[in-house]
Amino acid sequence: MGVTCASIRLTDDDWMAEALNLARASAACGEVPVGAIVVHDGRIVGRGGNAPIAANDPTAHAEIAALREAAAALRNYRLPGCAMYVTLEPCAMCVGAVMHARLARLVFGARDPKTGACGSIVDLAAEPRLNHHTQVTGGVAAEACGALLTQFFAARRSRTPDA
């Protein structure tokens with residue numbers, strides 16, 4: 001008797017590996033390497049990579065792209081029962097979008113000490129005055145996610161001539 005696809009349960013690390021692939025693709029395009037996926041019922045319904053430079057759009061974060069694709073795929077601006085996996089702790093804009101979409105869960109890799117809004121700078125998901133609360137898990141594949149960012153910025157600094 002063979003194993004069916006329905007019996008395979010992917011772990012947070014498995015899903016984060018998918019988000020890391022999108023982050024690498026963003027880096028290859030010269031964007032800060034952040035990738036995000038939205039998962040519903042064991043399948044990816046939304047994907048996004050950072051693209052604010054290419055799009056000339058400050059809202060073109062990986063999370064926003066993944067939410068837009070998931071909402072279109074599920075034909076609903078609300079995404080209950082969905083989980084987002086993102087390689088970097090989301091900023092305030094992205095956490096706000098996650099909460100407005102009513103995602104059940106947000107899983108991120110590396111912490112962002114400069115703009116992270118899931119505990120590093122502020123913790124919007126834990127704000128009791130807000131009407132929706134998404135379960136947040138941080139630190140999944142944090143080493144791999146952080147290393148990708150570190151390598152990207154080190155390479156960028158080495159290409160920049162000293163002023």
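Predicted model: local features only at pLDDT ≥ 70, side-chain atom pairs only at ≥ 80, totals over all residues.

Colleague: Which residues is L88 in contact with, leaving aside its neighbours within four places in sequence?

Modeller: The contacts of L88 are V34, E63, F108, G109, A110, R111, D112 and L149. As for a residue that lies elsewhere, take R102, 14 residues from L88 along the chain: the C-alpha atoms of the two are separated by 20 Å.

Colleague: What does T87 touch, not counting residues up to four places away in sequence?

Modeller: T87 is found in strand β3 as well, and with a relative accessible area of 2% it is buried. T87 touches M16, A19, L20, A23, P33, V34, G35, G109, A110 and C145.

Colleague: Let us step back to the whole chain. How many helices and strands does the secondary structure come to?

Modeller: There are 5 helices and 5 strands. Read from the N terminus, the order of elements is α-β-β-α-α-β-α-β-β-α.

Colleague: What radius of gyration does the protein chain have, and what would a compact globule have?

Modeller: The chain has 16 Å, whereas a compact globule with 163 residues would be near 15 Å, so the two agree. Along the principal axes, the C-alpha atoms fill a box of roughly 60 × 50 × 25 Å.

Colleague: What share of the contacts joins residues at least 24 apart?

Modeller: Among contacts between residues at least 6 apart in sequence, the share is 55%. As for burial, 39% of the 163 residues are buried. The chain exposes about 9000 Å², and carbon and sulfur atoms supply 56% of that area.

Colleague: Now the interior. What is the general idea?

Modeller: In soluble globular proteins, nonpolar side chains tend to be buried together. Here the largest nonpolar core has 40 residues. Those with the most contacts inside this core are M16, V38, L67, L79, M84, Y85 and L103.

Colleague: Which elements each supply at least two residues of this core?

Modeller: They are α1, β1 (35-40), β2 (43-49), α3 (62-74), β3, α4, β4 and α5 (142-159). The largest share, 6 residues, comes from β3.

Colleague: Why is the pair of F152 and F153 called edge-to-face?

Modeller: Planes over 60 degrees apart count as edge-to-face. The planes of F152 and F153 are at 80 degrees, with ring centres 5.1 Å apart, so this pair is edge-to-face. F152 counts as buried at 10%, whereas F153 is partly exposed at 30%.

Colleague: Last, how many salt bridges does the count come to?

Modeller: The count comes to 3 salt bridges. In one, the side chains of D12 and R105 meet at 2.7 Å, N to O. D12 lies in helix α1 and R105 in strand β4 (residues 105-110), so this pair ties together parts 93 residues apart in sequence.

Colleague: Which salt bridge does E89 form?

Modeller: E89 meets R111 at 3.7 Å, N to O. E89 is buried, with a relative accessible area of 2%, whereas R111 is partly exposed at 48%. E127 forms a salt bridge with R129, with the closest N and O atoms 2.6 Å apart. There, E127 is partly exposed at 22% and R129 is exposed at 74%.

Methods: Residues numbered from 1 in each chain as written. Heavy atoms only, no water. Phe/Tyr/Trp six-rings, centres within 6.5 Å; stacked < 30°, edge-to-face > 60°. Buried < 20%, exposed > 50% of the residue type's maximum accessible area, 1.4 Å probe, protein only. Salt bridge = Lys/Arg side-chain N within 4 Å of Asp/Glu carboxyl O. Helix = DSSP H or I, 4+ residues; strand = E, 2+ residues; numbered from the N terminus. Contact = heavy atoms within 4.5 Å. Core = buried A, V, L, I, M, F, W, Y, C linked by side-chain atoms within 4.5 Å. Rg over C-alpha atoms; globule rule 2.2 N^0.38 Å. Areas by Shrake-Rupley, 256 points an atom, 1.4 Å probe, with all protein chains shown as cover.
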